[in-house]
Amino acid sequence: MERVRQLLEESLNENLKQMIISNPRKKNSSDGDCVSASKIKIRPVMMADGLMFQESRFVGTQVFHANSDRSTLTDKILQEIQVSFGQLEVETSSHRATVLVSKKGTVTVKKKQFQKVETEVAQENLTTEQKKQLLSHNREKQYILKEGIPVPFLMDLGVQTKDGKIVKSKYDKFRQINRFLEFIQDVLPALPRDRKVSILDFGCGKSYLTFAMYYYLKVLNHYDIDIIGLDLKKDVIRKCNELKDKYGYNGLCFLEGDIRQYNEKEEVDMVVTLHACDTATDYAIAKAIAWNAKVILSVPCCQHELNAQITCEELAPVLKYGLLKERMAALLTDSIRANLMEAYGYETQVLEFIDMSHTPKNILLRGVQSKGFRKRGTTLEEVEKMMDMLHTKQTLAELLK
């Protein structure tokens with residue numbers, strides 16, 4: 001473990017971005033009687049007594065937090081990977097490393113040194129007080145993209161000023177971008193590191209989130225990626241291509257086209273569809289499943305299809321009110337989509353994308369391909385039974401047939 005201790009001594013400082021301890025050796029029982037941590041995330045925080053490290057321990061659906069100093073945390077991590085976990089991922093501003101521990105106790109350490117990028121140089125030039133502010137331990141949200149650190153695409157898209165301040169009218173957009181990157185951060189273990197990652201963003205629009213995704217994966221995390229943004233608006237696509245050329249984002253491309261007709265890719269690792277209107281979401285999810293994509297991220301929009309069909313005698317007292325019927329149809333539509341993703345082998349979550357006070361279109365469907373999940377998740381027969389009860393047909397279900 002001496003190599004691991006050396007790695008921790010190099011990494012546990014203010015330049016640490018995050019550590020993730022995962023791959024528990026003891027699996028949780030299916031009946032829930034024995035629930036242990038599934039992973040531990042670690043990040044630096046600045047407190048009154050100086051630099052500390054916050055541990056976020058994920059146990060079932062709960063997260064427990066604790067703070068430790070550098071020395072104490074080093075001993076804790078060594079103990080965790082010797083006894084409870086088989087993998088440690090380390091990411092700092094200068095290097096990324098992975099520690100793997102086999103069942104027989106063999107330790108493998110792989111480390112990759114990074115070249116400095118513009119943002120990291122900017123952070124190095126911050127004063128001690130500014131660094132403390134970035135690491136300050138308070139109740140404010142710790143964003144992935146920090147306010148006060150200029151990011152080129154955020155400035156050009158009108159979210160940031162030249163000195164890195166967030167434009168007041170764009171603060172909701174800034175929060176939305178960071179929330180989206182948190183979802184990306186959570187699915188990193190599902191994306192390959194040994195080859196180019198192929199990503200498709202259907203209905204990319206002005207591409208705030210497409211640029212953010214590229215910046216996070218390529219510039220900050222050094223993934224080898226190929227991202228295609230697809231949209232119907234010619235002028236928007238032209239503008240986005242001009243910006244990506246300006247930034248030198250060679251792994252990013254924007255194309256004019258319709259989700260329904262797009263067939264240029266044979267394999268895709270992640271499919272993103274944000275606010276694709278009505279059944280366009282269904283076409284995007286269907287293509288993702290056909291491509292055997294490892295990750296699906298979808299924020300549906302304007303779910304009209306079931307609203308025009310749904311009839312159910314038992315629910316008639318609710319459905320007679322147009323507003324309630326519309327909302328129920330939208331929720332049922334997304335429920336069908338989530339369950340169909342489960343039926344096709346995706347461990348699926350329905351999550352709040354952004355606070356309801358900012359937009360009613362705030363549900364995100366996140367599916368991560370999981371071997372064996374088809375057996376544990378919803379069956380196609382269960383989905384069909386529900387649709388029969390509601391006397392409806394749904395586009396994703398028809399496409400998957």
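**Helix packing, cores and a buried aspartate**

Helix α11 passes helix α13 in a left-handed crossing (the near helix is turned anticlockwise from the far one by less than a right angle). Helices are DSSP runs of H or I, at least four residues, and strands are runs of E, at least two, numbered from the N terminus. This is a predicted model: local features need pLDDT of at least 70, side-chain atom pairs count only at pLDDT 80 or more, and totals for chains, interfaces and linings use all residues. Residues are numbered from 1 along each chain as its sequence is written, and side-chain values use heavy atoms, leaving out hydrogens and water.

**The helix pair**
- The axes of α11 (residues 322-343) and α13 (residues 380-390) come within 9 Å and cross at roughly 160° (axes are lines fitted to C-alpha atoms over the stretch in contact; angles run from 0 to 180 degrees between N-to-C directions).
- That makes α11 roughly antiparallel to α13 (an angle over 145 degrees).
- In α11, L332, S335, I336, N339, L340 and A343 meet L380, V383, M386, M387 and L390 of α13 (contact means heavy atoms within 4.5 Å).

**The cores**
- The largest nonpolar core has 50 residues (buried Ala, Val, Leu, Ile, Met, Phe, Trp, Tyr and Cys joined through side-chain atoms within 4.5 Å; buried means under 20% relative accessible area, with a 1.4 Å probe and protein chains only).
- Its largest share, eleven residues, comes from helix α7 (residues 208-220).
- A second, separate core of 36 residues includes I259, L306, I336 and A397.

**D269**
- D269 sits in the loop between β10 (252-256) and β11 (270-277).
- D269 is buried, at 5% relative accessible area.

Technical notes:
Parallel < 35°, antiparallel > 145°, perpendicular 65-115°, else oblique.
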